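Subject: Handover of a structure

Dear colleague,

Please find below the sequence and the structure that I am handing over to you.

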Amino acid sequence: MIDLHTHTSFSDGTDSPTELINKAHAAGLSAIALTDHDTVAGWDEAQAHLRPGMALVLGSEISCQTKDGISVHMLGLLFDRENEALAAMMARTRENRIGRMQKIIARLNTAGYEITMDDVEAQLSDGATLGRPHLADALIAAGYMKSREEVFAEVLHNNSPFYVAHYSPTPEDAIALIKGAGGVAVIAHAMASLRGRVISPTTFESYVRAGLDGIEVMHRDHTAENRSLLSEIAEEFGLVKTGSSDYHGNGKLNQLAEFHTAPKEFEKLEARSSEPRVIRR
Ligand code: AMP
Ligand code: ZN
Ligand code: FE
Ligand code: FE
């Protein structure tokens with residue numbers, strides 16, 4: 001089985017890369033992609049602990065925003081980590097997430113939630129990309145709520161008055177940067193409307209022109225209708241279709257390999273990077 005979208009404690013997952021690889025091995029995965037938000041920080045550890053017989057796809061889930069303010073997540077896979085333009089863009093996003101967090105905290109303080117940046121940082125592993133889930137963990141630790149799901153439903157969802165966006169490239173710019181770094185671009189959970197506003201199906205044409213390689217069709221947050229529509233769009237444009245768990249350890253209900261990618265689709269994806277970059281042991 002092949003799972004092409006997972007998170008570790010280098011962003012808002014709860015397993016270390018080593019734990020992730022071990023759990024993937026135990027779950028019988030033949031290939032796994034590491035896709036922490038806006039970073040490559042977990043790559044070395046994952047690679048060092050890869051198990052025999054497994055294939056590792058190194059990547060990152062790039063936070064994007066359309067000109068209309070819609071949040072889009074773009075999986076960049078198999079790119080050259082030395083590419084400066086892509087690395088600079090991710091660094092800018094990570095940096096901007098800090099000021100954005102301070103703004104969200106200030107809004108929560110005004111509403112009576114006593115929470116500080118230190119409380120949030122206490123929930124973050126060294127070198128990890130800061131995100132709303134860490135703030136959720138701080139609110140849980142302070143006794144305000146019981147789970148990340150509850151915090152997102154109550155105060156941290158995208159339409160909440162506490163929501164603040166951070167700098168993000170447009171999806172087209174992110175695709176261009178990923179392709180420029182020799183990688184493969186797959187749009188993640190494109191129709192997951194429970195998270196907030198989603199792009200219209202007509203938008204895909206522009207992403208395809210920018211170089212989009214694939215669509216994450218099978219994902220927990222997609223309805224049956226979403227999946228068939230995305231599958232049709234993928235076929236129309238000759239894009240790779242993936243399925244994945246978006247595993248976050250204990251941080252989300254998503255279980256490793258709950259959705260997976262067909263070996264044929266994985267082959268097509270692998271062939272689309274500028275040079276062979278799947279790591280095999
Ligand atoms: P951010 O990148 O800081 O805007 O935070 C968005 C991240 O929060 C997403 O990538 C998910 O990992 C996580 N998230 C979104 N909704 C939920 C939810 N309902 N429960 C748990 N985590 C969530
Ligand atoms: Zn996440
Ligand atoms: Fe995502
Ligand atoms: Fe994700």
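The notes below cover the metal sites, then the aromatic pairs, the salt bridges and one arginine.

This is a predicted model, in which local features need pLDDT of at least 70 and side-chain atom pairs count only at pLDDT 80 or more, while totals for chains, interfaces and linings use all residues. Residues are numbered from 1 along each chain as its sequence is written, chains are lettered from A and ligands numbered from 1 in the order in which they are written, and side-chain values use heavy atoms, with hydrogens and water left out.

**Metal sites**

Donors here are N, O and S atoms within 2.8 Å of the metal (3.2 Å for Na, K and Ca); water is not among the atoms, so sites may look incomplete. Helices (H or I, at least four residues) and strands (E, at least two) are DSSP runs, numbered from the N terminus. Asp12 counts as buried at 8% relative accessibility, and His37 does so at 10%. The term buried means under 20% relative accessible area, exposed means over 50%, and partly exposed lies in between (1.4 Å probe, protein chains only).

The iron ion (ligand 4) is 4.3 Å from the zinc ion (ligand 2). The protein donors of the iron ion (ligand 4) are His5 (NE2), His7 (NE2), Glu61 (OE) and Asp246 (OD), lying 2.0 to 2.2 Å from it. The angles among these four donor atoms run from 76 to 162°, and the site is irregular. For that term, four donors count as tetrahedral if all angles lie between 85 and 135 degrees; four count as square planar and six as octahedral if opposite donors are over 155 degrees apart and all others between 65 and 115; anything else is irregular. In sequence, the donors follow the spacing H-x1-H-x53-E-x184-D. His7 lies in the loop between S1 and H1 and Asp246 in the loop between strand S7 (240-243) and helix H10 (263-271), so this pair ties together parts that are 239 residues apart in sequence. Both His7 and Asp246 are buried.

The iron ion (ligand 3) is coordinated by Glu61 (OE), His73 (ND1) and His189 (NE2), at 2.0 to 2.2 Å. It lies 5.5 Å from the zinc ion (ligand 2). Glu61 is in strand S3 (residues 55-65) and His73 in strand S4, so the pair joins parts that are 12 residues apart in sequence. Glu61 is buried, at 0% relative accessibility, as is His73, at 16%.

**Aromatic pairs**

The whole structure holds four aromatic pairs. Rings of Phe, Tyr and Trp (its six-membered ring) pair if their centres lie within 6.5 Å; planes under 30 degrees apart count as stacked, over 60 as edge-to-face and the rest as tilted. Trp43 and Phe79 form a tilted pair, at 5.1 Å centre to centre and 45° between the planes. Both of these residues, Trp43 and Phe79, are buried. Tyr113 and Phe162 form an edge-to-face pair, with 6.2 Å centre to centre and 90° between the planes. Ring pairs also link Tyr113, Tyr144 and Phe162 into a cluster.

A salt bridge is a side-chain nitrogen of Lys or Arg within 4 Å of a carboxyl oxygen of Asp or Glu, and the whole structure has 14 of them. One of them joins Lys179 and Asp213 (2.7 Å, N to O). Lys179 is partly exposed, with a relative accessible area of 27%, whereas Asp213 is buried, at 3%.

Arg100 is in helix H3 (residues 84-110). Arg100 is buried yet has no salt bridge, and the nearest side chain of opposite charge, Asp38, is 8.1 Å away. For charge, Lys and Arg count as positive and Asp and Glu as negative; His and the chain ends are not counted.

With kind regards
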